[in-house]
Amino acid sequence: MPQNLDAAAVRSWCAQALESLGRERAAIDAINVYPVADGDTGTNLYLTVESAAQAVEAVFAAHETGSSAPAAADAMRAMAHGALIGARGNSGTILAQLLRGMAERIAAGDDLAGALRRAAELAREAVAHPVEGTILTVASAAAEAARTAPGDAARAAREGARAALDATPGQLAVLGRAGVVDAGGLGLVAVLDALVRALGGAPAPAVRAGAHPRVGDPVRAGASAALTAALAAPEDGCAGSGPAFEVIYLLEADDSAVARLRTRLDRLGDSLVVVGGDGLWNVHVHVDDAGAAVEAGVEAGRPYRIRITHFASAPAAVPDREPAQRAVVVVVPGEGLAGLCAEAGATTVLARPGEPPASGELVDAIRRAHAREVVLLPNSADLRHTAAAAAEQARTEGIRVALVPTRAAVQGLAALAVHEPGRRFDEDVVAMTAAAGATRCAELTVAEHQSWTSAGVCQAGDILGLIDGDVAVIGTRLTATATAVLDRMLAAGGELVTLVLGDDVPERESVSAALERHVREGHLAVDTVIYDGGRGGALLIGVE
């Protein structure tokens, strides 16, 4: 009997794929040499699947109030859509199209083998110039293996993918020189292994990535030597200085406009992948003229969530000055905080709403800091894997990096306030970690739909007060809800309240004045500082 997916299996697949990619991210990043050796393939795949998993969970949450579970087609469609809007990098974009192909056939009543076959076809169609020895090769092999064993399609696909992955160093010269398998293909094997486990199968043995250790093991300190030598060698007799920018954006456009866009972008650069359909597309391309790539999107339709990443500069572009002894790199949620942290001497990375920075951006910021020692403050629990990947990459370049696991911008501000470059590095990191850990953090946000929370049932439009990530207060008015949050936080004591109000906060002047007055009148000996979060910022509260 042909193997099929139900909604519960799709949900389990998402969760297990996310867990696997989170665990194996560093090993996949470490062998990323094609198409650009920017060390973020594992992280990009993780972030793509994370977005897919969130979309699937949203579908199940919408059915919690009813008696029926979502259909398999609905769950798979949500997985594909979540991957589409959250796709990162070349491999993440291709993975999104693979999922779209599966969703298309499952909605039509096809079995798993048929879904995998359509996935491989659709992914190849999305790539302007398919190259063998990549994730496309691995996907095609998986589909062919599933076709020959429809009753055990998931396991067959995984084994076919593993065999194809082993052959990739012989198909792509840059992989052969480095002695590694394709990073995107390795990530796809991890995703297929999660599919097997979601359907009740046994996990596969670890894949050996060539010059690197088994997936899941720590990357050896000297493992980058083979990669360094391989990347120094020219590809096909060329010096190999590729395009300077990666451009990614979502695009609302019709099919005819997208066809014209493909032709134009293909002339501008390489690594062109356009995925999606039904009016919504994800565009990925490497170019020297990022502005022209965006303008092409504007002519085709409405581009948004535009992300432009500058690839690592050549050694000649490194500043001539001596590197500083120590620097701080901090991720901030608003332009106001970016200016504040920059004034304190930190190198900043802006995290826009719904667009967390990729590890490549964090590595670039660490390089821009131009210091022998760097303290990295991610300021978000969701960035823990991304920040760890960036830190690992920077260490291979000889930079000493310490990751302080700050979960919110107010914790980052507390850590930055006690930063002392004159101290020993370890002492400084300990002091900054302690300051961040001693700061409780809260955020005020608006509920998007009715839901069960740790504080009870909320309705769409309610104001939610989250303390350390958990909903603690539900209200209907911003100032009253924020006041209740403050009182809860200060009930355990505190000496300093930090308020960060972005432009998105309605009537922020009156809100900040009311909160400051409440602290002054109700909590003696507690000081209050107020910062402008700038564009894109929300209402954040910290208590030290």
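User: Which strands does helix α19 lie across?

Analyst: This is a predicted model. In it, helix α19, residues 508-522, lies across β14 and β15. Its direction runs at about 170 degrees to β14.

User: What sheet are β14 and β15 part of, and what is the strand order?

Analyst: They belong to an open sheet of 6 strands, in the order β13-β12-β9-β16-β14-β15. The pairing in this sheet is mixed.

User: Which are the edge strands?

Analyst: β13 and β15, each of which pairs on one side only. On average, neighbouring strands are turned by 20 degrees against each other, direction ignored.

User: How do strands of a sheet pair, in general?

Analyst: Through backbone hydrogen bonds, in either a parallel or an antiparallel way.

User: Take β12 and β13 then. In what sense do they pair, and over how many bridges?

Analyst: Strand β12 (residues 463-467) pairs with strand β13 (residues 470-475) in the antiparallel sense, over 5 bridges. Within that pair, Leu464 stands opposite Ile474 in β13.

User: How many residues sit between the two strands?

Analyst: There are 2 residues between them, and the two strands form a hairpin. In the turn, Asp468 has a positive phi of about 50 degrees.

User: What about β9 and β12, how do they pair?

Analyst: Strand β9, residues 440-446, pairs with β12 in the antiparallel sense over 5 bridges. Ala442 stands opposite Ile467 in β12.

User: Which strands of the sheet does α13 touch?

Analyst: α13 packs on the sheet and touches β14 and β15. The direction of α13 makes about 115 degrees with that of β15.

User: Which residues of α13 are buried?

Analyst: In helix α13, which covers residues 335-343, Leu337, Ala338 and Cys341 are buried. They lie on the same side of α13, because they cover an arc of only 105 degrees around the axis.

User: Why do residues three or four places apart point the same way in an α-helix?

Analyst: An α-helix has 3.6 residues a turn, so residues with that spacing point the same way.

User: And what covers the buried residues of α13?

Analyst: The cover includes β5 (324-332), β6 (347-350), α16 (409-417), β14 (496-502) and β15 (527-534). Just after α13 comes Gly345, with a positive phi of about 95 degrees.

User: Switching topic: at what angle do α6 and α9 pack?

Analyst: Helix α6 (residues 135-148) packs with helix α9 (residues 183-198) at an angle of about 35 degrees, and their axes are 7 Å apart. Their crossing is right-handed.

User: Which residues make the contact?

Analyst: From α6, they are Ile135, Val138, Ala139 and Ala142. From α9, they are Gly184, Gly185, Leu188, Val189 and Leu192. By class, the contact has 7 nonpolar, 2 polar and no charged residues.

User: Now Arg307. Is that residue buried or exposed?

Analyst: Arg307 counts as buried because its relative accessible area is 9%, and the cut-off is under 20%. Arg307 lies in strand β4, residues 302-310.

User: What is Arg307 in contact with?

Analyst: Leaving aside neighbours within four places in sequence, Arg307 is in contact with Arg88, Glu246, Val247, Ile248, Glu355, Pro356, Pro357, Ala358 and Glu361.

User: Last, the whole protein. How many helices and strands, and what share of residues is buried?

Analyst: The protein has 19 helices and 16 strands. Of its 544 residues, 52% count as buried. Among contacts with a separation of 6 or more, 70% are between residues 24 or more positions apart.

Definitions and conventions
Residues are numbered from 1 along each chain as its sequence is written. This is a predicted model: local features need pLDDT of at least 70, side-chain atom pairs count only at pLDDT 80 or more; totals for chains, interfaces and linings use all residues. Side-chain values use heavy atoms; hydrogens and water are left out. Two strands pair if DSSP finds at least two bridges between them. Helices (H or I, at least four residues) and strands (E, at least two) are DSSP runs, numbered from the N terminus. Buried means under 20% relative accessible area, exposed over 50%, partly exposed in between (1.4 Å probe, protein chains only). The arc is that of the directions from the helix axis to the C-beta atoms. Contact means heavy atoms within 4.5 Å. Axes are lines fitted to C-alpha atoms, for helices over the stretch in contact, and angles run from 0 to 180 degrees between N-to-C directions. A crossing is left-handed if the near helix is turned anticlockwise from the far one by less than a right angle, and right-handed if clockwise. Ala, Val, Leu, Ile, Met, Phe, Trp, Tyr, Cys and Pro count as nonpolar, Asp, Glu, Lys and Arg as charged, and the others, Gly among them, as polar.
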